[in-house]
Amino acid sequence: MNDPKIIVALDFPSEAPALALVDTLDPALCRLKVGKELFTRSGPALVRSLQDRGFEVFLDLKFHDIPNTTSAAVAAAADLGVWMVNVHASGGARMMEACRTRLDAYGEKRPLLIAVTVLTSMAAEDLQGIGIAVTPEQQVARLAQLTADCGLDGVVCSAQEAPQLKRDQGSDFTLVTPGIRPQSAAKGDQQRVMTPTAALQAGSDYLVIGRPITQAKDPLEALQAIHRECRAL
Ligand SMILES: O=c1ccn([C@@H]2O[C@H](COP(=O)(O)O)[C@@H](O)[C@H]2O)c(=O)[nH]1
């Protein structure tokens, strides 16, 4: 089965530019991620348009609420037929367990359920600012353990934490890593970054890549270049 490792983040203000880009891409090379901005503008209909074009969709809404609300939200995502959905691990064990239990009812058709650990835009000082006095690596490891204990499929983390998480949690625990930057790309607001090939070598299962592809002069060429680089590993 084709299992593209690159997930293109469709961070666009509306459906038109998102679909204009998508229509240049190839579902054999990538999956697509719909996040808060595009989903708030264009909703489930946009997700269906992407699926109709043959793409699997990661619905990146990072749910974080009480167990009853969050589990209902991931069920709504499953009804939409998305490939992957996520919650914040800091919502706690009861919240994550409620989501997993709710999705179990979907059997083999359920989306992958993963939990966000520490946003890749955050460094140690940002954690201190919210009262967490450990390093990002330590906090990621702690939240990944909680996520695994709750029976979720994996986590969102930076590729920098991937070697440790693969050691701690084993190879079946899925690592989805944003903060991917080809050598020459601007970091922007990302703090914990890695190149695509280094990320795969570190143990990332899926690379979430937005601006380095979507803002490139030729997005398809940018995607193909990263794909070629990764395939050569
Ligand atoms: O920790 C996280 C969790 C999610 N993201 C999302 O990934 C993409 C990254 O886009 P770039 O343009 O490649 O920076 C974006 O949609 C974020 O919402 C993340 O960056 N870090």
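Glu125 sits in helix H5, residues 124-129. Helices (H or I, at least four residues) and strands (E, at least two) are DSSP runs, numbered from the N terminus. Is Glu125 buried or exposed? Glu125 counts as exposed, because it has 8 C-beta neighbours inside 10 Å. The scale works on C-beta atoms placed from the backbone: a residue is buried if 20 or more others lie within 10 Å of its own, exposed if 12 or fewer, and partly exposed in between. Glu125 and Leu10 are 115 residues apart in sequence and 29 Å apart in space, C-alpha to C-alpha.

A word on the model. It is predicted: local features need pLDDT of at least 70, side-chain atom pairs count only at pLDDT 80 or more, and totals for chains, interfaces and linings use all residues. Residues are numbered from 1 along each chain as its sequence is written.

Now turn to strand E4, residues 84-88. Four of its five residues are buried. E4 pairs with strand E3 (residues 57-63) in the parallel sense, over three bridges. Two strands pair if DSSP finds at least two bridges between them. Phe58 stands opposite Met84 of E4. Between E3 and E4 the chain passes through helix H3 (residues 67-79), and this β-α-β crossover is right-handed. That label applies if, with the strands pointing away from the viewer, the path from the first strand over the helix to the second runs clockwise.

E4 also pairs with strand E5, residues 112-116. The sense is parallel, over five bridges. Met84 stands opposite Leu112 in E5, and Val85 has Leu113 as its bridge partner. E5 is mostly covered, with four of its five residues buried. Next comes strand E6, residues 154-156, which pairs with E5 in the parallel sense over three bridges. Here Ile114 has Gly154 in E6 as its bridge partner.

Go back to E3 for Lys62, which lies in that strand. UniProt, in an unreviewed entry, places the feature "active site" at Lys62. UniProt positions follow the numbering used here, feature names are shortened, and annotations may be inferred rather than shown by experiment. Lys62 counts as partly exposed because it has 16 C-beta neighbours inside 10 Å. Which residues does Lys62 contact, leaving aside its neighbours within four places in sequence? They are Asn86, Val87, His88 and Val116. Contact requires C-beta atoms, placed from the backbone, to lie within 7 Å.

Finally, the domain. The unreviewed UniProt entry places "domain: Orotidine 5'-phosphate decarboxylase" at residues 5-226. That span is 44% helix and 17% strand. Its end C-alpha atoms lie 10 Å apart.

Key. Contact = placed C-beta atoms within 7 Å.
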